Every structure is written in C-alpha cells, then in structure tokens.
Amino acid sequence: MTHSTTDILVLGSGIAGLSAALGAARDGASVTLATKATQPEGASTWWAQGGIAVARKAPRQFKEDIRTASSGTSAPEALDVLVQNADAAVRDVLIDTLGVDFDTGGDGASFHYGREAAHSEDRILHVDASTGRHIHEPFLSYLAAHDRVEIRGDTAAIDLLERDGDIHGALLKSGNAVRHHYAGATVLATGGIGALYSRSTNPGGATGDGIAMAHRAGAATADMEFVQFHPTVCVADGDPSLVSEAVRGEGAVLRDANGERFMPAVHEDAELAPRDVVARAVEQAHERTGRVVLDVSSFDFAGTFPDLAAMCAEHGVDPSTGIPVVPAEHFLCGGVDVDTHGRASLGRLYAVGECARTGVHGANRLASTSLLEGLVWGLRAGTDAAGATPTDQEVSLSTTAGSPPSDAALNASVERLQRVMDEHVGLRRTPDGLQRALDALHAVEADVDAWTDPSARRGVHELRSACTAARLIAEAAKANETSVGCHYMERSDSPPAS
C-alpha cells in the first residue's frame, strides 16, 4: 500500500478545517487537507445562512446568552475562550485576510448586525442569508494558493492510524486507491451527522466519519445525545431547505393550519425562544393540526432576504401565503471530547468544528455560534499542532476481506438506519424507544461489519461511520434520563423499530 507524509493532516474542508490548516501553515508547518467534498457545497459551512456572532462591546452578555441557550450547561472555560477570541479571530481571518464583504448598515460604512433566536442583542455579522458561501469560497481559494497547503478533494479518510495511544495519520481513499498518510498531528474537522436522519440541513456526506474513526481508535466522546433540530426547514417539494432564524429575528411568526400563532403560549420569547423549544413546538403543532407556516407578511421579505426569496421561488413557494416549515436535524452539540486547544484524549489527535465537543454549546447551541466555534478552535488547534513532526515508524491496520453489498442492500440499510433514528432518536425520546433503536442499530452494524474492507466503496465506509455515530447517540441518550436542551425524554412508549 502506498503512503505519503506531511507535518499536519487536516480531515475536512469547512471553516474549522480551513482555520486549522491556516493556523498550522502560518506557523510554518506543511499541511495536507483531505476532504470528501468535490465542490464547496459538500461542506456544511457553505450552507450556513444566518451569520457569525461576535461579542462586540458586550462579551459578558454574549456569554450569558450562550449559557442560557444551553440550559446552563456550557463549560465555563470553553465559553471564555470562545467569547474572548471571537472579535479578534473574525477581524484577523474573515475581514483582514479574506476580505469577506459583510453587510453594512444604511450609512454603508459600519457593519449591519442581525439578531436571531435567544440572542439579547444585535451581534451577528452576515451576508444576506447566505453567509457561509461568502466565507467558504474565498477561504478555499486563499488556502489553495498557499505554498504550505495541499488540498486533496474527493478524498475520504476511512480510519485513523493509531499506535500506543497516539495518532500518526489516517488511511485515505480516493477513487479505488487507498494509502497510508502519515502526519505529526491529525486534525478531525469532518462535520456533523445529518445523514443519520431522513431530513437534515447538512450536506449528504455528513455521516459522522471523524467521530466514528476517533471512537474506533479509542478517543473519548461526550454529549452525543445533544442533537439539535432546526425548527424552520422548508420541504415543499421534498428537498429540505433551511429558512434562517434571522427571518424570525426580523419579525416572522409561526402559525398552525388554523392560522393560529402558537409560540407565545409556549415560551415568553415566542418565536425567538431557544431552538429546542421552538422545534418541539413546531413538531407538536404539526401533529395537532397537520401544517405549520412561517408568516413573513409583517416585513419586506424579498427585499430583506433576497436569497431566501429566490429559494422559495425555486421550490414553488409563495411567501405571501406563508412558508411551510418542519423541524429537521441541524447540528450535533457533542462529539470527540477536546480541550480548549482542540486536543483529544489520544496523542497527536485534534478535533474541531461540529465533530468536536468543546463544551461551548452544552445541551443546546445558540444560533450563529457554529461558524465562530469552528474558526476559533480551528486556529487554536492548527497553531498548537504546528510543531508536530511525523514519525518514521509505519503503522499497520488489521483488515478483513469484506463481501461487497449490492446497491439495493446498501440503500436498504441506510433507509433502515434513518427510519430508526427518525422514530426513536429524534426530537422526543423514550427509554423503550431508545432500546429498540439500539437493538436495530446493532443489527445494521453487524451487516456493515461483514461488508467493510479498505477496498470497499465509499458508501460502505460512510454507512459504517453512520452506524457507529448513531449507536453512540442512542447510547448516550439512553444513559441520560434527564431532559435538558436538545435531549427531551418522554416516559410514554414508542412504536417498535422496523
């Protein structure tokens, strides 16, 4: 099997991975960034709408808003790191280095700061409602031209190379070619787990790869039960399209099929309550009346959010009659357990972005803090890892000869996993339902293990990762009997998994 070597290996090309690569390259390290994506749209960052929150002149209030949204579960040290580094990191990387053209106010000179759910102040920098792509594309271009960074697209990591509690790189697969890539340090920035559910705002490749690889290598994970669902996703034609919380921040309200506004009776902040509260209320209103719409008639929707207006037109939705919305999986607050520099429990291993559990989000993430967390922790991890050098000793992996599944068998397993997660590990959970989920997931996992071999096609490896991540989520949810944030336990039984 062929091999390659670099100082730092970054797995993933969202804002967290790009920031880690930038941090390491700035400190003189050679960086290889490997990503499954073949185009910008393959990374979750590209799809981010609302923007990136900053502290401005009120860091104490920013921390309090994050802590409140988390139901008081944010880790204090991590919260301090995020807020204290927020403005400087945004200024350094996004404004001074990349020149991101954030929206300005009426005077055209100062930035326009938006507000979203659970924020007590206007503090969100944005570009219309498509901030992610305006950050992601220039960031990719900047690093592609950097003389110490090599970007390998269409390249999946399928296992970490572990020896004696340290990680020495990863097994990379591009097309049919598999190689050992050795590195002084490896940074996981592989994104979320949206593909575990039938409806998600994530790109299709969000199969929990980094979390699964880290777990198999022996790294600790934490807070895996905290899966956040976005309350307003338009599925008019079956294709999930996020409707940013900034729309509710501008004054949009939620109405059921009877035209009744229901959020004021649910929470004192109504539509601007924390995401977990709004998402459960939307789901229950759907069950009760059959339909929920976002009423945007109180302001100039097309003038304020032209990108979202275009999205509505593309999906055949007339915003003047209300945008039909449902909750969909959006963000994993847990992941690989890391410290304030992104260091995992195994040596030479870092994790940043959505695959990492920094402790900032606790049980529920505040809107528009994910890009910021990826930026801050990516820079810190890349800078911290920059001094690492590859070892000369090679690391081998034990392999088994897997039998390739048919397309029909693979698709059936994916659908079964998603059905189990939708039914039993979604917005509302029960102990019995979680046990049924675990029983079903173990059965799917057993099938996938029989198929898995380094030469197996990418879909098999992605399903293997998805099975591992799904099981970790269900196990963590079953172990936590207390409802908090995204994790909501009901005592009633659920229908059996199929």
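Which residues line the second largest cavity? They are V227, Q228, F229, R275, D276, A279, R280, L427 and C486. The model is predicted. A search of the whole structure returns two cavities of 30 Å³ or more. Both are described below.

**Second largest cavity**

- Its volume is about 40 Å³.
- Two or more lining residues come from each of β10 (227–234) and α8 (275–289).
- Helix α8 gives the largest share of this lining, with four residues.
- By class, the lining of the second largest cavity holds five nonpolar residues, one polar and three charged.
- Among the residues here are F229, L427 and C486.

**Largest cavity: size and lining**

- The largest cavity holds about 60 Å³ of space.
- Its lining consists of K36, A156, A157, I158, D209, R216, R458, H461, E462, R464 and S465.
- Six of these residues are charged, three are nonpolar and two are polar.

**Largest cavity: contributing elements**

- Three elements, β6 (156–163), α6 (209–217) and α14 (458–479), supply at least two lining residues each.
- Helix α14 provides the largest share, five residues.
- K36 is also one of the lining residues.

**Recap by cavity**

- For the largest cavity, the volume is about 60 Å³, and α14 leads the lining with five residues.
- For the second largest cavity, the volume is about 40 Å³, and α8 leads with four residues.

Note on methods. Residues numbered from 1 in each chain as written. Predicted model: local features only at pLDDT ≥ 70, side-chain atom pairs only at ≥ 80, totals over all residues. Heavy atoms only, no water. 1 Å grid on protein atoms, 1.4 Å probe; cavity = no way out; pocket = protein on both sides within 12 Å on 5 of 7 lines; lining within 4 Å. Points joined across faces, edges and corners; volume = space filled by probe spheres on them. Nonpolar A, V, L, I, M, F, W, Y, C, P; charged D, E, K, R; others polar.
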